[in-house]
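Thanks for coming, everyone. Let me put the structure up, and then we'll walk through it.

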Amino acid sequence: MSSNWEQLAADKRKRLAKTIPQQWRIREVPGNDSVIDYPRTAGILSKRELEITELCASQLVSNLASNSLSAVEVTLAFCKRTAIAQQLTNCVHEFFPEAAFSQAKELEEYFAKHGKPVGPLHGLPVSLKNQLRGYETSMGYISWLGKYDKEDSVMTHLLRKAGAIFYVKTSVPQTVLVCETVNNIIGTTTNPRNRNWSCGGSSGGEGALLAMRGSVLGVGTDSGGSIRVPAAFNSMYGLRSSHGRLPYAKMANSMEGQETTVHSVVGPMGHSVENLRLFVQAVLEQEPWKFDSKVIPMPWRQSEADMVRAKIQTGGLTIGVFNFDCNVLPHPPVLRGIGIAVAALNRNGHKVVPWKPYKHNHGCELMNRVWAADASTDPIGIKELWEIQTERWAYQNEYLEKWREAEDQLGTVLDAIIAPVAPAAAVRHGRFGYSFLINLLDFISVVVLVGFAEAGIDRRNQVYVLVSELDKAMQEEYDPQAYHGAPVAVQVIGRRLSEEKTLAVAKELANSLGRKEAVSLVLNSRL
């Protein structure tokens, strides 16, 4: 006989399955590893609906604002594509198309009455990580099933004010502190490019849904890579914002009221840097500091982005780069990806200089102590926690000092740093490295897609000297054939509260990449 928790999980899965109308159901799930293109041949979406779901968020917003697309038809298209994505990748915790249609109709009535959109995201379907409150919020916990929210998170409320339509809440791992999206309620969410690969985590459902184009703009959170890793693994773009720039209030967490040493932050995931900017501007227009006391009263500063554009036109940017943090050497596709980014920037006249990672071993050790502070077997005392927090602050200041020293030596501003997102382009289920130093520093990070792994080029490194046990495990995991076709991304890193500038630099990198690159690297080169 099944235990009670298994019955609860089975009931949830049945309730979720019932939200997909019969006409949106796949008759026979394909056996292929890759399902990324299946929506185009499933026969569920019309030609017009396929075209709608393959527009970018900026195009959709423009067409909705001009009334050349209706909110209802756009919502229907994305709901149908989400239904397909769920059946193929298991990326959804909550699906509520009827509520989405009701919201879309209200927006159409507003447009008909006032002759203008309700806000900058009028009629745009936006997907939400399960952590955002609204509807049932389980966070992957069996014990939280049946927990229905009486109010929205502040982020959800402000997006609604901006005109966004909600239709889905995406899957997360239990506790949202794992870079693999798996829990005891729905099981494992898979990567649509290859279902043998992880979609990342903890915003893994967002990554998989966006990759399937069941969404064009999604909301994730990041306390150790939870936006950046799913964005990278699923060939998406993502923004890890600064703590205090975007509203986090009233979002679900495992321990409500806990003031953490390293804060989780909220941010967008999408198909381009431009879409990330659209999201941030739309939220800041709603003045989130009036709703969340931790948000800094800082509207969008277009002048910061304009300064980047001016530098591009008058002499170019100065960008630091590294591909090895002295903890784990990334897999060959990631090393090649850094080389592709560097070559593209150099070709466009930018100055790229080596960045020496500063005490990354110490930073990783600090993060491990932070995450283990409340361990049930060996918790630390308040005095030791304060010591960790003091060390963190000192390390943050030391890193800023290194940034200033580099600028003094260069005689100019260091506009950003480019680095790997994670040691791997993607991983098979149950394996992973790490990607959390940016969280400890509270720096900005924008994930930019640079290409895909190629087995014939990205061969195993046979001469590298291992530097740690984690490094050993990551090198042994690499298999060129197993990861052929995996997305390769880099992150553009900026100082705290530099969202406008860092997004502009990331946009220039994306523009510089422009076309498919044909760049090879010596695999063990270290910048």
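One term before we start: contact, or touching, means heavy atoms within 4.5 Å. Now the ground rules. This is a predicted model, where local features need pLDDT of at least 70, side-chain atom pairs count only at pLDDT 80 or more, and totals for chains, interfaces and linings use all residues. Residues are numbered from 1 along each chain as its sequence is written, and side-chain values use heavy atoms, with hydrogens and water left out.

Glu108 sits in helix α5, residues 97-114. Helices here are DSSP runs of H or I with at least four residues, strands are runs of E with at least two, and both are numbered from the N terminus. What does Glu108 contact, beyond its neighbours within four places in sequence? Ser70, Ala71 and Val72. Glu108 is partly exposed, at 29% relative accessible area. On that scale, buried is under 20%, exposed is over 50%, and partly exposed is in between, using a 1.4 Å probe and protein chains only. For a sense of distance, take Phe324. Glu108 and Phe324 are 216 residues apart in sequence, and their C-alpha atoms are 51 Å apart in space.

Now the whole protein. There are 16 helices and 15 strands. The radius of gyration is 22 Å, close to the 24 Å that the globule rule gives for 527 residues, so the protein is as compact as a globular protein of that length. That radius is taken over C-alpha atoms, and the rule is 2.2 Å times the number of residues to the power 0.38. The C-alpha trace spans about 60 × 60 × 50 Å along its principal axes. Of the 527 residues, 59% are buried. Look at contacts between residues at least 6 apart in sequence: 80% of them join residues at least 24 apart.

Next, domains. Domain 1 is 5-253 + 264-290, and domain 2 is 302-525. Those bounds come from an automatic or database domain assignment. The two centres, over C-alpha atoms, are 27 Å apart. Domain 1 puts 37 residues into the contact, and domain 2 puts in 40.

On to the inside. A nonpolar core is a set of buried Ala, Val, Leu, Ile, Met, Phe, Trp, Tyr and Cys residues joined through side-chain atoms within 4.5 Å. The largest one has 148 residues, and Phe95 and Leu159 touch the most other members. Helix α4, residues 71-89, gives the largest share, 9 residues. Where does this core lie relative to domain 1 and domain 2? Both domains give residues to the core, so it lies between them. Phe95 itself, leaving aside neighbours within four places, has contacts including Leu16, Trp24, Cys79 and Tyr167. There is also a second, separate core of 6 residues, with Met139 and Trp144 among them.

Let's look at helix α1, residues 4-18. Its 15 residues should span 21 Å at 1.5 Å a residue, and its end C-alpha atoms are 21 Å apart, which agrees. The expected span is 1.5 Å times one less than the number of residues. Ala9, Lys12 and Leu16 of α1 are buried. They cover an arc of only 60 degrees around the axis, which puts them on the same side of α1. The arc is that of the directions from the helix axis to the C-beta atoms. Asn4, Lys14 and Lys18, on the other side, are exposed. The cover over the buried residues includes α4 and β1, 92-95.

Last, some backbone details. Most residues other than glycine have a negative phi, and most peptide bonds are trans. Val176 has a positive phi of about 50 degrees, and is not a glycine. Val176 lies in the loop between β3, 168-170, and β4, and is buried at 9%. Ser235, also not a glycine, has a positive phi near 60 degrees. Ser235 is in the loop between α8 and β9, 237-240. At 8% relative accessibility, Ser235 counts as buried. Which two residues does a cis peptide bond join? Gly201 and Ser202, with omega about 5 degrees. Ser202 falls in the loop between β7, 194-198, and α7, 204-211.
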